[in-house]
Amino acid sequence: MQRSANEFAITTGRDGSRSFGDHDDRWAPRGRGNNRRKFNNKSWSRGSYRGRGQGGGYKNQAGGPVDTEGDVMMGGDAEHAHGSQPRFNPYGGRPKSRRGKRGDQYHRYPRDNSQRGGAGGKPSTRPLLPSSHSHPGSKTWYKVSIPHAKETDKATLLTLLGNHAPGNFRPIQFGYKGEMAVFYLDDRDVANLMRGVSRRITLPGSNFKLIINVNMSSPPFPVMNEENLDKLKVVMSARYDPSIKTLDLTSLYEDRALQQEGLYLPLNRPVIATCVAKIIQQNIPELVGLNLSSNRMLSLSSVQEMVQRAPNVVSLDLSKNQLRAVEELDKLKGWQLTELVLDKNPLCDRIHGQTEYVSAVRKRFPKVVKLDGKELPPPITFDVSTAVVPVSQGSYFVNAEVQELVVRFLKEYYTIYDCDNRQPLIDAYHDNAIFSLSVASNPAIENKQPSLADYLSISRNDLRIRGRDERDKGRIKDRLLKKGKLQVVSELSTLPRTTHDANSFVVDVNLVSSTVLSFVVNGLFKESDNKADKPPIRAFSRCFTAVPAAGGVLVTNDCLTITNASPQQQRAAFKSTGPTPSSSPVSSNPPVPGTSAVPSPVPVPSPLPESSPQQQLDSLPPQRQQMVLAFCQESNMNPIYSFRCLEDNAWDYVKAGQMFLNLQAEGKVPPEAFAK
Amino acid sequence: MAPPEPELKDKAEQADQAAKAFSDLYYEYFDKKRHAIKNLYHDSANLIWNGRAVSGKDAIVKFLEELPTSYTNLSSLDSQPVTESAFEGQTTVVVSTFGLVKYQDNKTQSFYQTFILSSQANVWKIVSDNYRFLEASSGAGT
């Protein structure tokens with residue numbers, strides 16, 4: 001019996017702290033003997049209860065600090081446990097003399113209680129139970145305990161009691177503590193009725209009159225087991241509207257159906273919120289709307305778990321709760337809410353001004369467009385976040401005909417350009433052709449980059465040229481603009497020798513008409529003669545503008561920009577020189593710089609149509625073109641002689657190679673064959 | 001070889017002045033008032049933006065407006081006059097730029113841009129606009 005008395009105290013204190021909904025760890029050992037000591041020196045057991053235990057000393061007191069669900073005052077639990085509050089002084093107004101008396105007898109109290117209420121006062125003189133409301137709308141709970149009631153079955157007992165409060169008798173959380181039946185009531189009138197019938201009801205088949213102790217209490221601590229979980233599921237199912245995927249959990253703590261089952265399941269208790277969250281996850285994961293209004297929530301900690309378990313919620317109603325700080329919303333940040341109702345929470349009064357209110361909400365839920373039922377202007381951040389840089393695409397040639405022309409031009413042009421002698425390029429240029437070069441270091445490279453000094457003397461970069469004045473600058477720029485094909489080609493010949501990486505080429509044809517063709521080629525090259533261990537890899541962009549000429553095109557404008565390749569480009573450059581996928585607009589196999597310094601008297605491969613051997617080469621199927629290029633590399637002969645050698649041997653590569661070696665051994669290969 | 005046309009020096013000077021004025025204006029509009037860039041383009045202008053071809057002024061403006069906001073800083077600028085035979089008597093220049101661009105929420109990167117500008121009644125318009133990221137120009141085959 002001592003046990004039950006202690007449990008009472010424990011329950012009281014614990015429940016008080018529970019109303020914060022934060023200390024989940026404290027409930028588990030409930031009713032365990034080993035936990036009892038912890039609360040033995042607790043100062044606030046029920047005064048009224050103790051009063052009765054004293055034998056007739058009961059006097060109803062207004063139970064200030066307890067009994068009211070959600071009352072912050074209950075939070076002083078730990079403090080009281082450490083004795084900061086005078087012992088046995090739960091109610092400030094208690095006469096001093098009584099305190100002393102009770103204090104002396106406190107440890108006898110449980111035993112007194114075991115004596116079936118001792119010498120309780122007469123029912124007729126009992127004052128009514130108090131109805132304490134420290135918060136409007138909060139509810140007072142009454143705990144009813146009936147010693148030795150276990151001898152009677154539950155149904156009989158409840159029927160007997162219910163007869164005295166027809167219609168309103170809703171015992172919550174009926175259970176036994178030892179031999180004692182315990183349940184809770186939330187209706188003051190019913191509680192008074194119960195008190196009134198103590199010792200007046202006789203159990204059937206005995207002359208034993210029931211003693212009914214009724215005391216104000218903190219709310220019952222919810223008990224979740226499989227059976228109750230199933231009942232909760234049924235209730236939630238009834239509150240779910242599948243057509244709008246919305247679950248309405250308004251005032252779950254006073255759900256009639258649950259009350260009929262004798263259950264009190266407040267959402268502000270984490271254990272209940274967790275159960276609710278799990279049921280949602282397992283049964284209605286598609287949930288988009290959730291109404292949690294009027295659930296006496298001081299904190300959203302208990303709701304926090306639902307965010308993960310019901311990730312699709314976009315509409316949330318938290319109105320008519322006890323939320324005091326807008327920061328509580330941080331706990332729900334994972335939800336992409338578009339609608340939120342916060343009305344009638346203390347936090348609404350603490351934020352001054354609609355703008356601040358909206359921005360405080362939007363800070364947590366940027367997508368909210370409806371707040372407290374009112375439409376908000378669309379969020380400003382929305383537009384910006386949708387703008388993206390389109391993914392780059394490959395070369396753009398307008399059509400296949402233009403592609404063929406441009407690719408052929410570039411192939412021929414860079415074959416010559418990468419050789420020792422660039423003079424033959426003169427055939428590619430218009431008489432009045434213009435060339436200029438502009439150089440800049442790559443601004444995207446943070447580390448030191450290779451010097452571009454070799455080019456600076458002829459760089460026409462307008463942003464870098466500093467003349468003495470505008471006229472001087474004009475003169476410099478005029479000098480740096482190469483006019484006429486002779487000037488152009490002689491300028492090109494002074495530039496460092498190069499090897500271009502054809503695989504890096506990206507070509508865009510930006511203008512094509514009957515009178516003009518303009519295209520830009522971007523890519524990478526290395527400087528063949530550079531003495532450095534690792535020759536620098538340059539990046540370039542070159543715009544050719546050309547006009548039609550007899551059967552081909554002549555370049556009128558050649559505008560070249562050179563910078564340094566990015567580290568990533570440097571790593572990727574010259575990696576694939578074999579047969580390439582069609583990705584490269586220009587055929588692979590960068591020409592190996594010729595070793596012959598002999599000026600070229602032979603017909604030069606040229607983009608112009610008059611060079612018929614070149615045309616012959618270009619009309620070959622790709623496979624044979626590849627053979628010619630490979631043969632060029634191995635034999636060191638120019639493409640035309642390589643072509644002839646292969647042609648003479650019926651495109652048998654090995655046979656042609658053997659014939660070349662034989663002729664070379666006999667000294668029968670003409671010098672022109674090596675001219676490039 | 002035929003000597004360069006006598007007036008070429010003047011044309012080149014004009015091209016340089018146009019290019020300088022144009023590039024100042026263009027990147028100011030591109031970065032800060034892209035909505036108003038429309039009138040810099042010829043009605044039948046072409047844009048090739050990292051391989052995507054867009055034709056016509058309205059389509060180009062729509063395309064550019066959908067790009068994220070940008071910050072551009074040029075490192076290089078060059079220009080050349082184009083021979084008149086290519087553009088049926090209109091004064092035409094090639095403008096070539098290179099620099100650094102930062103699109104919102106993207107890393108800073110280098111880019112090349114080549115314009116062909118044409119003058120009609122002393123008003124310069126973009127006939128062709130070619131834009132390529134430096135990085136994308138390496139092995140960015142289709």
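Mentor: A salt bridge is a side-chain nitrogen of Lys or Arg lying within 4 Å of a carboxyl oxygen of Asp or Glu. The model under discussion is predicted.

Trainee: How far apart are the closest N and O atoms of Glu328(A) and Lys331(A)?
Mentor: Glu328(A) is buried, with a relative accessible area of 15%, whereas Lys331(A) is partly exposed at 23%. Because the limit for a salt bridge is 4 Å, the pair qualifies. The closest N and O atoms of Glu328(A) and Lys331(A) are apart by 2.8 Å.

Trainee: How many salt bridges does the structure hold over all chains?
Mentor: The pair Glu328(A) and Lys331(A) is one of them, and Arg497(A) with Asp420(A) is another. Over all chains, the number of salt bridges is 25.

Trainee: What is the area buried between chain B and chain A?
Mentor: The size of an interface is often given as the accessible area lost when the parts come together. Here 60 residues of chain B are in contact with 64 residues of chain A. Carbon and sulfur atoms give 58% of the buried area, which is about 5,300 Å².

Trainee: Which element gives the largest share of the side of chain B that touches chain A?
Mentor: The rule finds 25 residue pairs in polar contact across the interface of chain B and chain A, both residues being at pLDDT 80 or more. The elements of chain B that give two or more residues to the side touching chain A are α1, β1, β2, β3, β4, β5 and β6. The largest share of that side, 9 residues, comes from β3(B).

Trainee: How many charged residues has the side of chain B that touches chain A?
Mentor: By class, that side of chain B has 28 nonpolar and 23 polar residues. Its number of charged residues is 9.

Trainee: In which helix of chain A does Lys477(A) lie?
Mentor: Across the interface of chain B and chain A the rule finds 4 salt bridges. In Asp16(B) and Lys477(A), the closest N and O atoms are 3.4 Å apart, which forms a salt bridge, and both residues are buried. Asp16(B) lies in helix α1 of chain B, so the pair joins two chains, with Lys477(A) in helix α18.

Trainee: Which residue of chain A meets Asp78(B) in a salt bridge?
Mentor: Salt bridges that share partners join Arg460(A), Asp462(A), Lys473(A), Lys477(A), Asp16(B) and Asp78(B) into one network. At an N to O distance of 2.9 Å, the side chain of Asp78(B) meets that of Arg460(A).

Trainee: How many disulfides does the structure hold?
Mentor: A disulfide is a covalent bond between the sulfur atoms of two cysteines. The sulfur of Cys543(A), a buried residue at 2% relative accessible area, is 6.4 Å from the closest cysteine sulfur, in Cys559(A), and therefore too far for a bond. Cys632(A) is also buried, at 9%, and its sulfur is 9.8 Å from the closest cysteine sulfur, in Cys419(A), again too far for a bond. Over all chains, the number of disulfides is 0.

Trainee: What is the phi of Ser294(A)?
Mentor: Most residues other than glycine have a negative phi. Ser294(A) lies in the loop between β7 and α12 of chain A and counts as buried at 16% relative accessibility. Its phi is positive, near 55°.

Trainee: What is the phi of His148(A)?
Mentor: His148(A) is placed in the loop between β1 and α7 of chain A and is partly exposed, with a relative accessible area of 21%. Although His148(A) is not a glycine, its phi is positive, at about 60°.

Trainee: Against which elements of chain A do the buried residues of α14(A) pack?
Mentor: The buried residues of this helix are Tyr357(A), Val358(A), Ala360(A), Val361(A), Arg362(A) and Arg364(A). They pack against β9, α13 and β10.

Terms used
Residues numbered from 1 in each chain as written. Chains lettered and ligands numbered in written order. Predicted model: local features only at pLDDT ≥ 70, side-chain atom pairs only at ≥ 80, totals over all residues. Heavy atoms only, no water. Contact = heavy atoms within 4.5 Å. Buried area = accessible area lost by both parts, 1.4 Å probe. Polar contact = N/O pair within 3.5 Å; in protein donor to acceptor, adjacent residues only side chain to side chain. Helix = DSSP H or I, 4+ residues; strand = E, 2+ residues; numbered from the N terminus. Nonpolar A, V, L, I, M, F, W, Y, C, P; charged D, E, K, R; others polar. Disulfide = S-S within 2.5 Å. Buried < 20%, exposed > 50% of the residue type's maximum accessible area, 1.4 Å probe, protein only.
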